[in-house]
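I keep these notes while going through the model with the sequence beside it. The entries follow the order in which I looked things up.

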Amino acid sequence: MRPGIRASAVLGAGTVAAVLTGCAAPAGDAGKTLTVFAAASLQTPFTALAEEFEAAHPGTTVTLSFAGSSDLATQISQGAPADVFASADTKNMAKLGGAGLVEGSPRDFATNVLTIAVPPENPASIASFADLAKPGVRTVICAAQVPCGAATKRVEQETGTTLTPVSEESSVTDVLGKVVSGEADAGLVYVTDVKAAGDKVQAIPFPESAQAVNTYPIAAVRTGKNQDLADAFIEAVTGTDGQRILRGAGFGTP
Amino acid sequence: MYTGIPRWVAAIAAVGALFVLLPLAAMLGRVNWPQFIPLITSESSLTALGLSLRTAAASTVLCVLFGVPLALVLARGDFPGQRLLRSFVLLPLVLPPVVGGIALLYAFGRQGLLGQSLGIAGLQIAFTTTAVILAQTFVALPFLVVSLEGALRSAGSRYESVAATLGARPTTVLRRVTLPLVLPGLASGAVLSFARSLGEFGATLTFAGSLPGVTRTLPLEIYLQRETDADAAVALSLLLVVVAVVVVGLSYRGPAPAGSGGRSARTGTPGRVPA
Amino acid sequence: MTFTLDAALAARRFDVSLSLAPGETVAVLGPNGAGKSTLLSVISGLLRPDTGRAEVNGRVLFELGPGVHTWTAPHRRGTALLAQDPLLFPHLSALENVAFGPRSAGMPKREARESARHWLAEVDAADLADRRPGELSGGQAQRVAAARALAVDPEVLLLDEPLSALDIHAAPLLRRLLKRVLAGRRAIIVTHDVLDAYMLADRVIVMEEGRITEDGPTREVLRRPRSRFAAGLAGLNLVSGTVTSAGIRTAGGLEFAGQHDAPLVAGQAGVAAFPPSAVSVFLGEAHGSPRNSFRVTVTDLEPHGDQIRVRAGELSADVTPAASADLGLAPGLDVYFVVKAAAVSIYPS
């Protein structure tokens with residue numbers, strides 16, 4: 001029963017006219033389902049990507065399951081039927097690779113950096129990372145055990161700033177939620193989270209964020225049943241269209 | 001002794017019991033026993049356990065404080081809107097805790113209905129231990145009310161009527177007759193509330209946040225440890241199971257014993273003295 | 001210094017007017033659902049009538065009507081209730097149960113306990129003081145409950161069928177006890193048993209369908225019943241006189257031998273009670289023992305179910321229509337009423 005990030009989107013197979021791309025789909029693809037486990041922060045771009053992919057591969061259905069990378073890695077190692085795994089960090093991908101569940105070598109397809117999210121009116125007048133450590137500022141960050149928390153820790157170390165957060169959440173969505181609801185004056189989240197939240201929060205970029213760049217790897221799962229389709233999907237993500245969509249969502253290029 | 005339970009009913013009951021026990025047994029199988037003691041006695045674990053026990057105790061006190069009057073009003077009162085009040089009080093039983101957390105946020109949060117006035121008075125609730133206690137009280141209160149209202153209804157109001165005709169003021173009746181009569185129901189309600197508070201997760205996560213020693217209770221610690229250290233998560237889960245079993249086992253002994261809420265003293269312990 | 005009540009409650013079709021002199025005990029008789037318990041609930045304040053007024057010793061218990069709304073809470077009324085079920089607080093000892101009322105009135109603990117001991121002794125239950133209600137028999141529990149009600153020295157003691165849950169052995173004992181403690185005390189006793197009315201009450205009220213249909217001295221009501229219900233009850237033959245070693249001797253010199261539970265003291269006043277169905281009618285004196293055989297003159301014959309009720313002054317007998325025809329029974333005829341000693345109950349009165 002985890003609040004916040006757990007969404008799965010099942011996109012209906014469109015009987016759209018085939019627009020064959022470079023990697024033409026084999027005839028046997030018809031009626032096949034590709035299951036993609038992707039980090040929660042990828043929800044917006046991957047939903048769009050899956051639609052394009054289905055349009056390019058008529059008869060193929062892409063089922064998307066979004067959750068925290070660590071949750072997804074655990075699910076896959078427990079036998080969840082995933083064909084593709086897109087992680088928000090290299091650690092969870094390495095964990096899966098160590099268990100012999102990754103087919104080939106993972107490919108990095110996106111990066112993400114931290115930003116400061118504040119309520120639209122910015123009540124604590126936050127302008128820099130150092131402002132977060134000012135007394136009386138209610139800052140919410142991710143716990144060090146989760147990727148965004150690890151990134152936060154790195155920035156703290158690099159800048160020599162020690163934050164005294166009012167809460168260390170177990171997911172970046174929970175951090176964002178506390179900012180959106182106005183409970184917190186500021187939260188450290190990913191650039192893409194702020195982008196997805198629209199005008200409910202305001203982003204205060206800070207240069208120190210470059211100290212902690214999160215790299216997103218993607219790989220086919222060895223236990224998956226559609227290796228060809230999985231490879232095709234990875235191609236689509238790392239290809240031009242995929243990169244365009246990811247950049248539109250705020251991701252960087254690795 | 002004849003029990004009147006058909007064999008197939010017993011068989012289904014066995015399956016039901018297994019359904020509850022199997023996952024717990026499976027979890028036992030995954031415990032890293034050599035590391036178990038270090039895992040549960042780590043500083044973060046002890047901090048979380050201590051916070052959980054303190055907040056659950058505090059919310060149980062609040063549940064008794066508010067739940068006893070509520071149960072009395074619901075069981076003995078007769079006023080318009082009584083059924084509606086009961087439905088609302090019992091709502092957290094069926095509400096997802098996250099929803100409870102969101103609702104609390106809009107009531108006691110910084111921008112909330114009461115939170116704004118409280119903020120002006122210099123009281124901050126969000127991200128404090130108080131928020132944890134409020135979240136736990138919100139989800140645990142119905143357990144006490146349901147349990148106590150049932151005890152009050154089965155005890156009936158005849159003893160109270162007699163006490164009143166003997167000249168006892170309503171407060172005296174409550175203190176010397178009603179409460180002693182429903183004490184077993186009150187105790188089991190309080191224990192259930194404590195256990196529910198101990199397990200509270202969703203509303204706490206949404207409303208209170210998660211900071212070691214302040215708002216990160218044992219369930220939140222388990223959830224976080226799960227991200228990096230599965231062994232720690234399993235060990236702490238087992239700790240929580242043991243604490244819950246001990247608490248419930250020690251004080252909750254099922255339905256109130258005969259005689260405590262019986263219709264008459266004579267039927268309570270029959271035939272000990274010849275007529 | 002009287003108690004007056006005037007109350008109507010439409011939902012229960014209850015409309016009663018009643019007054020009691022100080023020290024007067026009234027028995028309330030009536031069929032089930034007649035409103036007897038409602039009467040007690042209204043007096044004790046557990047039930048609120050629509051309109052009416054009640055007063056005891058100049059103190060208003062309630063006054064409800066257009067523009068008036070006075071209501072005294074049950075605990076301020078001084079109307080202790082003794083119900084069919086003793087309802088002793090199960091978590092308190094017998095002594096603490098009896099001390100409950102005085103304690104509630106603000107009496108210090110020690111004094112309240114002393115008072116409780118006194119009242120337990122009054123109901124012959126001093127040795128039960130430390131028992132829990134669960135350890136008492138039905139009769140013992142009801143005695144303790146009586147002590148508890150008496151300990152608050154109520155202005156009106158309300159008794160709701162206090163004997164009907166007791167077994168045949170315990171009831172007479174408690175009846176005698178009540179007779180003793182109700183003497184000179186204002187009380188209302190709801191009962192099913194005409195004997196209770198006869199022994200415990202100065203006055204009888206008959207209630208039917210929420211109204212009082214008869215009200216008068218016990219003997220009057222039972223001798224000349226006007227209501228159907230009282231007529232049914234009045235069938236019991238009651239003969240008063242002086243207790244002798246064998247039974248009762250009436251002022252007219254008739255001897256009634258019978259059964260008794262209570263130890264009887266020769267010379268005290270008593271009552272012999274027996275049902276008409278136990279009385280046989282003969283034309284001559286030849287049959288049976290000389291005792292319990294009385295020469296009487298038939299005053300009236302009336303159908304009573306499938307029997308004929310033969311009335312002879314205060315006494316009556318039930319015979320079959322065939323026997324009545326055989327004997328040629330008619331008003332004015334001299335006959336002998338014979339009743340077996342086994343069917344006669346003797347009570348001190």
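**Entry 1: a sheet in chain C.** I looked up an open sheet of 3 strands in chain C, whose order is β18-β19-β20 with antiparallel pairing. For my own reference, strands pair if DSSP finds at least two bridges between them, and the elements are DSSP runs numbered from the N terminus, helices being H or I of at least four residues and strands E of at least two. Because β18 (300–304) and β20 (315–319) of chain C each have a single partner strand, they stand at the edges, and one side of each is left without a neighbour in the sheet. Neighbouring strands of this sheet are turned by 25 degrees against each other on average, direction ignored, with axes taken as lines fitted to C-alpha atoms (for helices over the stretch in contact) and angles running from 0 to 180 degrees between N-to-C directions. Strand β19 (residues 307–312) of chain C is joined to β20(C) by 5 bridges, and the two run antiparallel; there I found C:R309 opposite C:D318 of β20(C).

I note that this is a predicted model, in which local features need pLDDT of at least 70 and side-chain atom pairs count only at pLDDT 80 or more, while totals for chains, interfaces and linings use all residues. Residues are numbered from 1 along each chain as its sequence is written, and chains are lettered from A and ligands numbered from 1 in the order in which they are written.

**Entry 2: strand β12 of chain C.** I asked how many residues of β12 (residues 237–243) of chain C are buried. The count is 5 of its 7 residues, so that the strand is mostly covered, where buried means that 20 or more other C-beta atoms, placed from the backbone, lie within 10 Å of a residue's own. β12(C) is joined by 6 bridges to strand β15 (residues 269–274) of chain C, which runs antiparallel to it, and C:S240 has C:V271 in β15(C) as its bridge partner. A further 2 bridges join β12(C) to the antiparallel strand β13 (residues 247–249) of chain C, with which it forms a hairpin that has 3 residues between the strands; C:T242 stands opposite C:R249 in β13(C).

**Entry 3: helix α1 of chain A.** I checked the span of α1 (residues 43–56) of chain A: its 14 residues should span 20 Å at 1.5 Å a residue, and its end C-alpha atoms are 20 Å apart, which agrees. The expected span is 1.5 Å times one less than the number of residues. In α1(A), the residues A:P45, A:F46, A:L49, A:A50, A:F53 and A:A56 are buried. Seen down the axis, the buried residues of α1(A) fall within an arc of 135 degrees (of the directions from the helix axis to the C-beta atoms), so they line one face of the helix. They pack against β2 (33–39), β3 (61–67), α7 (227–238) and α8 (240–248) of chain A.

**Entry 4: where the chains meet.** Which chains share the most contacts? Of the 2 pairs of chains in contact, it is chains B and C, with contact meaning C-beta atoms, placed from the backbone, within 7 Å. Here 26 residues of chain B are in contact with 32 residues of chain C, and α8 (158–165) of chain B gives the largest share of chain B's side, 7 residues. Chain A meets chain B through 19 residues, in contact with 18 of chain B, whereas chain A and chain C do not touch, their nearest C-alpha atoms being 45 Å apart.

Notes
A residue is buried if 20 or more other C-beta atoms lie within 10 Å of its own, exposed if 12 or fewer, and partly exposed in between; C-beta atoms are placed from the backbone.
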